Amino acid sequence: MKKLYEKSELTFAIVWIVIYCVLQSLANSINEKIGTPYSASAILCVLQAVVLFFFIWKNGLLERYGLCKSSVPARRFLYYVPLIILATGNLWNGVAVNYPLADTICHIVCMLCVGFVEEVIFRGFLFKAMAKNNVKSAIIVSSVTFGIGHLVNLFNGSGMDLVNNLCQISFAVAVGFLFVMVFYRSKSLLPCIITHSAINTLNTFSNGAGVTVEKQIIHSLIMIVLSVVYTLILTKTLPKKQ
């Protein structure tokens, strides 16, 4: 793995994205055979998270990939209040217990690790690899790729419908730009990892009662607008180089 990284950081990033997508897709079919949703997904996500962290730590890359404290005071990021609002978005319609205890634990573990893994490979590996040549292209590609990558949920047996998937992709692209801006300007990936993990995890307890397609679209639009506005604010108020 280290040899591939040293040879081409971009290829290393792409390989990890492919591995992640393939394993997540395979996990869905294994979950069905086991009979416990997210059981195999949780195990595979934990393994990927451990391998990624160990690789980054062992090779002294913690600061390069933002697994460190921000170099910019929290007040410059409006104390991350917009991120907190985004993190709680899945609970706006109320809280509900949607799964049995075992299923809930597996879902939470999986979603926590997904937040870490996706931030490291998309905002960390992919963005950093491309930013060496062109920062603007790196921002666009890492954000759009992250969003489009959610298209796999239509075909991997997750059971997601088209409208829900399109809303997910649109929000993922918007929040992808936001997260990469936070990482680029603060040099820390931790706020992105925490927010991403919270968004995913709190979805475990979202109340879907009475949520129509129209409400779902409105909810997504609010989240997208909030992400875009916060991104623009950070772009205008933070210095370009830290």
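Author: A salt bridge is a side-chain nitrogen of Lys or Arg within 4 Å of a carboxyl oxygen of Asp or Glu. The model here is predicted. Three salt bridges are present in the structure.

Reader: Why is the contact between Glu 119 and Arg 123 called a salt bridge?

Author: Their side chains meet at 2.6 Å, N to O. The cut-off is 4 Å, so the pair qualifies.

Reader: Where do Glu 119 and Arg 123 lie?

Author: Both are in helix α5. They sit four residues apart, about one turn of the helix.

Reader: Are Glu 119 and Arg 123 buried or exposed?

Author: Glu 119 is buried, and Arg 123 is too. Buried means under 20% relative accessible area.

Reader: What makes Arg 64 and Glu 9 a salt bridge?

Author: The N to O distance is 2.9 Å. That is within 4 Å, so the pair counts.

Reader: Which parts of the chain does the pair of Arg 64 and Glu 9 tie together?

Author: Arg 64 belongs to the loop between α3 (39-58) and α4 (81-87). Glu 9 belongs to helix α2. The pair therefore ties together parts 55 residues apart in sequence.

Reader: Why is Glu 9 called buried?

Author: Its relative accessible area is 9%. The limit is under 20%, so Glu 9 is buried.

Reader: And why is Arg 64 called partly exposed?

Author: Arg 64 has a relative accessible area of 27%.

Reader: Why does Lys 132 count as exposed?

Author: Its relative accessibility is 55%.

Reader: What makes Val 18 partly exposed?

Author: Val 18 has 46% relative accessibility. That falls between the 20% and 50% cut-offs, so Val 18 is partly exposed. Val 18 is in helix α2 (residues 9-34).

Reader: Which residues form the nonpolar patch on the surface?

Author: Leu 10, Ile 14, Val 18, Val 22, Leu 26, Ile 30 and Ile 34. Together they have about 570 Å² of accessible area.

Terms used:
Residues numbered from 1 in each chain as written. Predicted model: local features only at pLDDT ≥ 70, side-chain atom pairs only at ≥ 80, totals over all residues. Heavy atoms only, no water. Patch = residues over 30% accessible without salt bridge, like charges linked within 9 Å, V, L, I, M, F, W, Y side chains within 5 Å. Areas by Shrake-Rupley, 256 points an atom, 1.4 Å probe, with all protein chains shown as cover. Helix = DSSP H or I, 4+ residues; strand = E, 2+ residues; numbered from the N terminus. Buried < 20%, exposed > 50% of the residue type's maximum accessible area, 1.4 Å probe, protein only.
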